[in-house]
Amino acid sequence: KKKPRILILGAGYGGMMTASRLSKQLGYNDAEIILVNKHNYHYQTTWLHEPAAGTLHHDRTRMRIDSVIDTNKVKFIKDVVVEIKTADKKVILEGGELDYDYLVIGLGSEPETFGIPGVEEHAFSIRSVNSVRQIREHIEYMFASYNNSEIKHEDYLTFIVAGAGFTGIEFVGELTERIPELCKEYDIDRKKVRILSVEAAPTALPGFDPELVDYAMSLLESRGVEFKISTPIKEVTKDGVILASGEEIKSKTIVWTTGVRGSSILDKSGFETMRGRIKVEPDLRAPGYEDVFVIGDCALIINEEINRPYPPTAQIAIQQSSTLSKNIKALITGSGNLETFVPDIKGTVASLGGKEAIGIVGSKKLYGSSASTMKKIIDNRYLYLLGGLPLVVKKGKLNLFS
Ligand code: FAD
Ligand code: NAD
């Protein structure tokens, strides 16, 4: 009898953890497991604000996939997914196609532009190793260009971060660490450099604990960040941004962090989506499909308490991998009912650069270095789940208190 084939698309938090768990839970003869990803490495999306600003080398955030997964049990294919053809139970790749018996979609997210003109053409985004390398290089290029020009272009030294959600705030925090270093290196007065955080809502980090938001904003302001709150951006041009008020702010660096939507592959493949995400069944299958599971930023689940979607996070993607792998095993071995996914949100911790962070863990509020230590513990915990102690030693944030 032919072994059923489990095809996992995307080697992010969801895809990697699913591959890792299935390789432990299933025997050789139970199934064939294939993992497809764009690159031969896995990167930790949750660290990307650091290499984007240049405070951490990007190699620290990535690892070769075949160095982490059990290649005896999981076959890795480096290729780009183009479309999913559920009617034929196959996936079209740039370099070929693959059939499946069970499909796991873990292709992550894309920047939400809300159709705002100019974003795609003129703004940067924090979404992959390659995208953040470009941001880091561009920022440095602006410093170099400023110095090597007779006319002093102030817009070269104006850095705009659109959206003060968690990604925007974490990136701004790293910038406040990096900019002084660049000022020193290029002999530029720090006062000449502007870092702007532009947010549409009446506060930064809308919905988060107000005390922690105040702490974060005051700290970042004391490091020279200018907040423009209740200030939606309505257009991005090659010269800067245009605010809803009509005012223009000139800048050559706009980093767009106004939220995410699910991979465009889902819409393209004919799935019904909300902001590009599939509202999954309790067992994490796509509605109407027996054999298609969705994980991470591609999956939408509702928080019944407030009747709104949970924000997509790595925390949820990792938790989903546990339910999802058990459910696939149950289908393959024919052993019983499928489990319902119940998120268990432990909290939220966000870094502010250096030794600073804010967070809520359980019902406890954390500030400063205790929050920053907690953030590193969370990062290390993931590495432990994925590759045990050796991976923590190799890739972890070991210096917990500095
Ligand atoms: P991802 O981890 O993004 O992985 C998707 C994978 O699919 C990637 O490897 C990509 O290369 C691959 N892929 C995409 N398209 C294709 C294709 N067409 N073909 C082949 N492969 C493809 N969440 C938290 O819980 N805690 C945090 O502290 C936190 N911090 C964050 C900080 C930043 C700066 C950002 C941007 C996000 C943060 N998040 C955090 C959110 C978190 O990163 C995401 O929710 C999480 O990465 C989702 O996991 P995923 O597996 O769905 O997708
Ligand atoms: P987000 O949706 O959390 O925040 C986007 C922000 O952009 C919002 O505050 C929104 O009001 C603002 N905005 C929208 N349109 C705008 C406009 N035209 N002009 C100005 N501002 C505008 O998105 P994100 O920060 O990209 O985060 C994406 C996901 O990743 C979220 O689910 C988040 O929880 C998660 N994340 C978590 C962490 C953490 O836990 N430490 C860190 C980063 C991201």
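Of the 31 residues around ligand 1, those that come nearest are G10, G12, G108, G296 and T313, where a residue counts as near if its C-beta atom, placed from the backbone, lies within 6 Å of the molecule. This is a predicted model, in which local features need pLDDT of at least 70 and side-chain atom pairs count only at pLDDT 80 or more, while totals for chains, interfaces and linings use all residues. Residues are numbered from 1 along each chain as its sequence is written, and chains are lettered from A and ligands numbered from 1 in the order in which they are written.

**Ligand shell**

- Because domain 1 (5-111 + 260-345) and domain 2 (125-256) both give residues to the shell around ligand 1, the ligand lies between them; the domain bounds come from an automatic or database domain assignment.
- Two or more residues of this shell come from each of α1, β2 (32-37), α5 (166-186) and α8, the elements being DSSP runs numbered from the N terminus, with helices (H or I) of at least four residues and strands (E) of at least two.
- The shell divides into 12 nonpolar, 16 polar and three charged residues, where Ala, Val, Leu, Ile, Met, Phe, Trp, Tyr, Cys and Pro count as nonpolar, Asp, Glu, Lys and Arg as charged, and the others, Gly among them, as polar.

**Domain 1 and domain 3**

- The C-alpha centres of domain 1 and domain 3 lie 24 Å apart, and the contact takes 10 residues from domain 1 and nine residues from domain 3, two residues being in contact if their C-beta atoms, placed from the backbone, lie within 7 Å.
- On the side of domain 1 that touches domain 3, α1 gives the most, with three residues, and by class this side has seven nonpolar, two polar and one charged residues.

**Nonpolar cores**

- The largest nonpolar core has 53 residues, and those with the most contacts inside it include I6, V104, F293 and I295; a core is a set of buried Ala, Val, Leu, Ile, Met, Phe, Trp, Tyr and Cys residues joined through C-beta atoms within 7 Å, and buried means that 20 or more other C-beta atoms lie within 10 Å of the residue's own.
- Helix α8 (residues 314-333) supplies the largest share of this core, six residues.
- Not counting residues up to four places away in sequence, I295 touches several residues, among them V104, I105, A317 and L324.

**A β-hairpin**

- Strands β6 (residues 81-85) and β7 (residues 90-93) pair in the antiparallel sense over four bridges, pairing being assigned if DSSP finds at least two bridges between two strands.
- I84 has V91 in β7 as its bridge partner, and K89, in the turn of this hairpin, has a positive phi of about 50°.

Definitions and conventions. Buried ≥ 20, exposed ≤ 12 C-beta atoms within 10 Å, placed from the backbone.
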